[in-house]
Amino acid sequence: MISSEEIRMIRRLSEAIFPGAAEARVSDFIVRDMQSNPFWIDLYRAGLKDMNEKAIDLYGTQLVELAGEQLNGLLAACEQSAFFRTIREHTLEGMFSDPIYGGNYEACGWRLVGYAGPTYHPPETIGEAKPPVVYYSLEGIAYAEKNGL
C-alpha cells in the first residue's frame, strides 16, 4: 500500500520535474503503475526515503516542505541516481501517454504539444486527411469529455 505521504512526495517531485504534471495528474499515473508492480513500490519507497533524507540533510526540512529553489537543488543533487532517472521517466510517460493509463488528464500533455490523439486514416486518404477538431475522447473511461477541448 502506498501512503498518502509518499503520494505527496511523488506529486511534488513530478511537478518540479515537469511543470504542469499536477494538472495532468501524473502522480495518479505513477501510483497506478506502482500498484501494478511490487518492484516499483519497493523502488519508489526506497528512493523517496533517500530523497527525503537528502532534503533533511541539505535543507533541514522534509521533501514536501521544500521551497521551489530548494526542491530544484535537491533534484540537481540527485539527478545521477537511478531513482531520479526512474521518476523523471515516469513523469514524462504520465504527461504524454494515452489518458486511459491514468495520466495526461484531459489530454493536457497532448494539447501542450499540439497532438489531437490517435486517429485512423485509410492508406488511400493519407494525403487528404485533416487533423481532427476534437481531442481524443475517453468519455466514461478516464474523464468526462468537456466542450471546447
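This is a predicted model: local features need pLDDT of at least 70, side-chain atom pairs count only at pLDDT 80 or more; totals for chains, interfaces and linings use all residues.
1. Overall make-up. The secondary structure of the chain comes to six helices and zero strands, and reading along the sequence gives the pattern α-α-α-α-α-α. Of the 149 residues of the chain, 38% count as buried. Among contacts between residues at least 6 apart in sequence, 59% join residues that are at least 24 apart.

2. The length of helix H3. Helix H3 covers residues 38–59, and its 22 residues, taken at 1.5 Å a residue, should span 32 Å; the C-alpha atoms at its ends are 31 Å apart, which agrees with that expectation.

3. The residues of H3 that are buried are Ile41, Tyr44, Gly47, Leu48, Met51, Asn52 and Ala55. Seen down the axis of H3, these buried residues fall within an arc of 145°, so they line one face of the helix. An α-helix has 3.6 residues a turn, so residues three or four places apart point the same way. On the other side of H3, Pro38, Asp42, Lys49 and Asp57 are exposed. As for what the buried residues of H3 meet, they pack against helix H1 (4–17), helix H2 (26–35), helix H4 (68–78) and helix H5 (82–96).

4. The ends of H3. The N-terminal end of H3 is capped by Asn37, which has a side-chain oxygen 2.9 Å from the backbone nitrogen of Phe39. Just after H3, Gly60 takes a positive phi of about 70°.

5. Aromatic pairs. The count of aromatic pairs comes to four. One of them is formed by Phe18 and Phe96, whose arrangement is edge-to-face, with 5.6 Å centre to centre and 85° between the planes. This pair links distant parts of the chain, since Phe18 is in the loop between H1 and H2 whereas Phe96 is in helix H5, 78 residues apart. Phe96 counts as partly exposed because its relative accessibility is 29%. Phe39 and Trp40 also form an edge-to-face aromatic pair, with 5.0 Å centre to centre and 65° between the planes.

6. A charge over a ring. The charged end of Arg25 sits over the ring of Tyr105, at 3.5 Å from the centre of that ring.

7. Thr91 and its surroundings. Thr91 is found in helix H5 and, with a relative accessibility of 0%, counts as buried. The side chain of Thr91 reaches the backbone oxygen of Ile87 at 2.7 Å. Leaving aside residues up to four places away in sequence, Thr91 touches Ser14, Ile17, Phe18, Ala21, Val26 and Ile30; Phe18 is thus named both here and in the aromatic pair with Phe96.

8. Glu106 is found in the loop between H5 and helix H6 (108–113), and Ala107 has its place in the loop between H5 and H6. Phi of Glu106 is near 50°, a positive value in a residue other than glycine, while Ala107 has a positive phi of about 55° although it is not a glycine. Are these two residues buried or exposed? Glu106 counts as buried because its relative accessibility is 13%, under the cut-off of 20%, and Ala107 is buried with a relative accessible area of 0%.

Definitions and conventions. Residues are numbered from 1 along each chain as its sequence is written. Side-chain values use heavy atoms; hydrogens and water are left out. Helices (H or I, at least four residues) and strands (E, at least two) are DSSP runs, numbered from the N terminus. The expected span of a helix is 1.5 Å times one less than its number of residues. Buried means under 20% relative accessible area, exposed over 50%, partly exposed in between (1.4 Å probe, protein chains only). The arc is that of the directions from the helix axis to the C-beta atoms. Contact means heavy atoms within 4.5 Å. A polar contact is a pair of N or O atoms within 3.5 Å; within protein, one must be able to donate a hydrogen and the other to accept it, and residues adjacent in sequence count only if both atoms are side-chain atoms. Rings of Phe, Tyr and Trp (its six-membered ring) pair if their centres lie within 6.5 Å; planes under 30 degrees apart count as stacked, over 60 as edge-to-face and the rest as tilted. A charge sits over a ring if NZ of Lys or CZ of Arg is within 6 Å of the ring centre and within 35 degrees of the ring normal.
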